[in-house]
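This report goes through one protein model, from its sheet to its helix packing and its charged pairs. The sequence and the coordinates come next.

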Amino acid sequence: MPSLTPLHETYCKWDRSPVSQADVLEGLAQLVSTRLSGVIQELIQTIQREILLSVFGLSKQKAQQFQTRPVIEKAYQLGYSTLQYYGHYLLAPSLRKIIARFPNLHDKALTPNLLFLVSALNGVLGDYLLTIQNPLALSSVLYDRYGMVQQGDLDGRIVIFVHGLCMNHRDWSNRGNGGIGEKLLAQRDNNTMLYLNYNTGRRISANGRSLSNVLEDLIRRNPRITSIDLIGHSMGGLVCRSALFYGKQNMQQWFHMVENLVCIGSPHHGAMLERFGFILQEKLRHFPLVKMIGHLLNIRSNGILDLRYGSVRDDDWEHNTARIGLIDDNRKPAPLPSHINSYLIAGTLENKKSKKNKKRKTLDVIGDYLVSVPSALGEHPNPRYQLKLPESHKAIFYGLNHLEIQYHPSVAEQIAKWFYPNHEELEEEQIRKYLIQLDTMQGIAET
């Protein structure tokens with residue numbers, strides 16, 4: 001059971017509503033006034049131990065003896081107490097005075113800069129914030145195309161956008177470019193775009209279950225919804241796959257209403273940089289600096305750890321003996337549902353399509369900076385992990401990095417063609433009829 005909010009806290013909002021500006025101040029106040037967690041204390045002591053072992057050449061026994069000396073332990077406690085004193089008696093009260101003086105902060109949404117910072121913090125420490133019930137922990141909330149919390153009745157076709165790690169619901173457009181949502185709105189009437197915001201530091205499977213429940217609640221409250229499309233970027237694509245897995249497992253109604261799934265730059269078989277970090281850490285672990293950096297890198301959220309191999313199920317991780325370390329790929333299969341149209345998109349730094357040479361293979365591995373082309377396209381040497389789709393349901397975009405493919409016009413155009421395959425033909429037919437009518441009118445005018 002997670003620990004309850006400390007009794008000295010004067011204010012704590014713990015529900016499914018969006019984080020407000022008051023929540024940010026209170027969340028920071030709690031972080032600076034609560035005792036340092038065992039994880040942080042252990043990290044400090046571990047880094048010190050690495051310095052004693054590697055720099056000063058002490059044996060493990062002598063290093064342990066040094067750290068357990070009464071004078072050293074007293075120094076630790078003095079340092080921790082000092083930090084806690086200033087946080088508890090100076091900084092935290094100052095933050096809470098601001099909340100008390102400006103009560104309207106409870107109703108104020110986050111500014112774009114605050115939303116960026118809170119989203120990034122959730123990506124790195126979101127699971128920890130959730131465990132200590134800190135108001136900074138984001139809950140799963142649906143927003144409309146105007147950036148407001150979704151309210152009112154819905155009907156017709158619903159498109160759900162799910163962002164990636166450390167990102168938020170506002171990242172689907174860029175500098176006036178409406179992105180995929182605006183492109184799809186222009187294709188068909190009775191089409192609603194909704195954007196999920198969530199805590200990307202949680203386990204992907206936990207977020208998948210949450211999304212599944214959010215969608216089930218959505219259709220129960222809006223029985224006139226006729227179909228659902230899911231579009232996920234990066235981690236968001238894995239969250240969508242996880243939601244589909246648990247929606248089917250729990251026999252939820254929304255699962256049968258899904259028509260399309262699009263995963264954009266999603267690491268279906270893991271993110272190269274996540275695995276590379278662990279491999280490098282293992283190979284170079286005897287170097288003092290690398291070991292110390294490694295301990296810092298180990299303070300990463302469960303959501304980031306799940307990106308190592310693209311885990312979307314609880315049983316991919318719940319039986320692991322250790323949270324940190326170089327583990328084998330022990331994922332369980334999570335095939336794409338057969339009743340929906342699934343599409344996979346990959347980005348690559350390569351400027352144009354070329355023959356399979358050594359350079360091309362290297363660029364495929366690098367992909368869009370963060371995710372390789374094979375991983376984004378669900379390709380894997382082990383058949384049990386392959387996401388088997390026809391080539392017409394895959395697309396590679398050249399010269400685009402991991403962030404650009406989220407809102408690039410070419411990607412939006414491709415998704416629109418997949419969703420509305422006859423729309424372009426109808427447009428061409430209308431243009432052809434218009435030209436015929438124009439020629440006829442000109443002929444009549446000439447006679």
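## Strand β2

In β2, 7 of the 7 residues are buried, so this strand is largely enclosed by the rest of the structure. Buried means under 20% relative accessible area, exposed means over 50%, and partly exposed lies in between, with a 1.4 Å probe and protein chains only. Helices (H or I, at least four residues) and strands (E, at least two) are DSSP runs, numbered from the N terminus. The model is predicted: local features need pLDDT of at least 70 and side-chain atom pairs count only at pLDDT 80 or more, while totals for chains, interfaces and linings use all residues. Residues are numbered from 1 along each chain as its sequence is written, and side-chain values use heavy atoms, with hydrogens and water left out.

β2 runs parallel to β4, and 7 bridges join the two; two strands count as paired if DSSP finds at least two bridges between them. In this pairing Phe161 stands opposite Ile231 in β4. β2 also pairs in the parallel sense with strand β3 (residues 191-197), over 6 bridges, and here Val162 stands opposite Leu196. Together, β2, α6 and β3 make a right-handed β-α-β unit. Right-handed means that, with the strands pointing away from the viewer, the path from the first strand over the helix to the second runs clockwise.

## The sheet

Which strand order does the open sheet have? Its 7 strands follow the order β1-β3-β2-β4-β5-β6-β7, and the pairing is mixed. At the edges stand β1 (141-143) and β7 (394-398); each has a single partner strand, so one side of each is left without a neighbour in the sheet. On average, neighbouring strands are turned by 20 degrees against each other, direction ignored. Axes are lines fitted to C-alpha atoms, for helices over the stretch in contact, and angles run from 0 to 180 degrees between N-to-C directions.

β4 pairs with strand β5 (residues 258-264) in the parallel sense over 6 bridges. Ile228 stands opposite Val258 in β5.

## Helix α14 on the sheet

α14 packs on the sheet and touches β2, β4, β5, β6 (341-348) and β7; its direction makes about 165 degrees with that of β7. Contact means heavy atoms within 4.5 Å. Val411, Ala412, Ile415, Ala416, Trp418 and Phe419 are the buried residues of α14. They cover an arc of only 160 degrees around the axis, which puts them on the same side of α14; the arc is that of the directions from the helix axis to the C-beta atoms. An α-helix has 3.6 residues a turn, so residues three or four places apart point the same way. The cover over the buried residues of α14 includes β2, α6, β4, β5, β6 and β7.

Ile345 is found in strand β6 and is buried, with a relative accessible area of 0%. Leaving out residues up to four places away in sequence, Ile345 touches several residues, among them Val411, Ile415 and Trp418, as well as Val262, Ile264 and Phe397. The C-alpha atoms of Ile345 and Ile396 are separated by 5.9 Å, although these residues are 51 apart along the chain.

## Salt bridges

The structure holds 13 salt bridges, each being a side-chain nitrogen of Lys or Arg within 4 Å of a carboxyl oxygen of Asp or Glu. One of them joins Glu26 and Arg96, whose closest N and O atoms are 3.0 Å apart. Glu26 lies in helix α1 (residues 21-33) and Arg96 in helix α4 (residues 70-101), so the pair ties together parts that are 70 residues apart in sequence. Glu26 and Arg96 are both buried.

Arg157 and Asp229 form another salt bridge, with the closest N and O atoms 2.6 Å apart. This pair links distant parts of the chain, 72 residues apart: Arg157 is in strand β2 (residues 156-162) and Asp229 in strand β4 (residues 225-233). Both partners, Arg157 and Asp229, are buried. A further pair is Lys183 and Glu413, at 2.8 Å between the closest N and O atoms. Lys183 in helix α6 (residues 179-185) and Glu413 in helix α14 (residues 409-419) are 230 residues apart. Lys183 counts as partly exposed at 26% relative accessibility, and Glu413 is partly exposed with a relative accessible area of 30%. Salt bridges that share partners join Arg157, Asp229 and Glu259 into one network.
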